[in-house]
Amino acid sequence: MICVPAAVWMKPIEFSIVSLAPMSNPFTLALATGVPTKPSEFFAAAKPLIPTLAGMKFSDGNMWEYGDCCDADASGALAFMPGFEAQTLAHLPYHPRDAYGAISLSFSVIAPLHRDVADAFYGQRGAEAHALQATSRGFFRAVTPFGWTQAVKLALVDRGVLDSPLCRAPSRNLSPGERNALRRVFRDLAKREPRYFGGLVGD
């Protein structure tokens, strides 16, 4: 199934939590393709027909559509996991604190930052939440010229978590010079905000 901008997965009936396996993995992003779709319409139609439907990763900045997805499931049984972490704060009002979750590649390196965004929001510390979200946007703004996937993979390589920074097609691979330039960006981010970005810099 193709669902833009979200990956849809199923869960075994015996489990009550979202499962990533088996997963309907082919998906694309409206941000990249310009193809408009409405996953909210899919969920409204599919929920009574697919008993193992668990939810989706919503990787788009369209908060109107995200709200429609949440509204399509009045029971709250489906999990709509945000995957556009530069807008973490915008997703939080749709979820009770104990039901919020997210899926993102960047959580491999900056999960504490997004945890703190959520904690500040649910703790009714709006100004702090806003400032932390701005810190997150600063990370993505800095690495966007190199690619988000490329940036996270390089950080994980430099920390000894991954063996190779190479990406699968259609993502392009960075040249050695570009990787060194990205490492300089990491060092600058770590210097400005060591609490959240210190882990981007290898030993």
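A salt bridge is a side-chain nitrogen of Lys or Arg within 4 Å of a carboxyl oxygen of Asp or Glu. Keep that in mind for the pair Glu128 and Arg125. Their closest N and O atoms are 2.6 Å apart, so the pair forms a salt bridge. The structure shown above is a predicted model.

Take the two partners in turn. Glu128 has a relative accessible area of 37%, which makes this residue partly exposed. Arg125 is partly exposed too, at 38%. Salt bridges elsewhere share partners: Arg115, Asp116 and Arg195 are joined into one network in this way. In total, the structure holds six salt bridges.

Now look at that network. Arg115 and Asp116 form a salt bridge, with 2.9 Å between the closest N and O atoms. Asp116 also meets Arg195 through its side chain, in a salt bridge of 3.2 Å from N to O. What does this second pair tie together? Asp116 belongs to helix H5, residues 107-122, while Arg195 belongs to helix H9, residues 194-197, so the bridge links parts that are 79 residues apart in sequence. Asp116 is buried, with a relative accessible area of 9%. Arg115 counts as partly exposed at 46%. Arg195 counts as exposed, because its relative accessibility is 63%.

Ser106 sits in the loop between helix H4, residues 88-91, and H5. Is Ser106 buried or exposed? Its relative accessibility is 2%, so Ser106 counts as buried. Its side chain makes a polar contact of 2.5 Å with the side chain of Glu85. Which residues touch Ser106, once neighbours within four places in sequence are left aside? They are Glu85, Ala111, His114, Phe140 and Val152.

Turn to the strands. Strand E3 covers residues 53-58 and is mostly covered, with six of its six residues buried. E3 pairs with strand E4, residues 79-82. The pairing is in the parallel sense and runs over four bridges.

E3, helix H3 and E4 make a right-handed β-α-β unit. H3 spans residues 63-71.

Finally, consider the cysteines. How many disulfides does a search of the whole structure find? The search finds zero. Cys69 is in no disulfide, and the nearest cysteine sulfur, that of Cys70, is 6.8 Å away. Cys70 is likewise in no disulfide, its nearest cysteine sulfur being that of Cys69 at 6.8 Å. Cys69 counts as buried, at 0% relative accessibility. Cys70 is buried as well, with a relative accessible area of 14%.

Definitions and conventions: Residues are numbered from 1 along each chain as its sequence is written. This is a predicted model: local features need pLDDT of at least 70, side-chain atom pairs count only at pLDDT 80 or more; totals for chains, interfaces and linings use all residues. Side-chain values use heavy atoms; hydrogens and water are left out. A disulfide is a pair of cysteine sulfur atoms within 2.5 Å. Buried means under 20% relative accessible area, exposed over 50%, partly exposed in between (1.4 Å probe, protein chains only). Helices (H or I, at least four residues) and strands (E, at least two) are DSSP runs, numbered from the N terminus. Two strands pair if DSSP finds at least two bridges between them. A crossover is right-handed if, with the strands pointing away from the viewer, the path from the first strand over the helix to the second runs clockwise. A polar contact is a pair of N or O atoms within 3.5 Å; within protein, one must be able to donate a hydrogen and the other to accept it, and residues adjacent in sequence count only if both atoms are side-chain atoms. Contact means heavy atoms within 4.5 Å.
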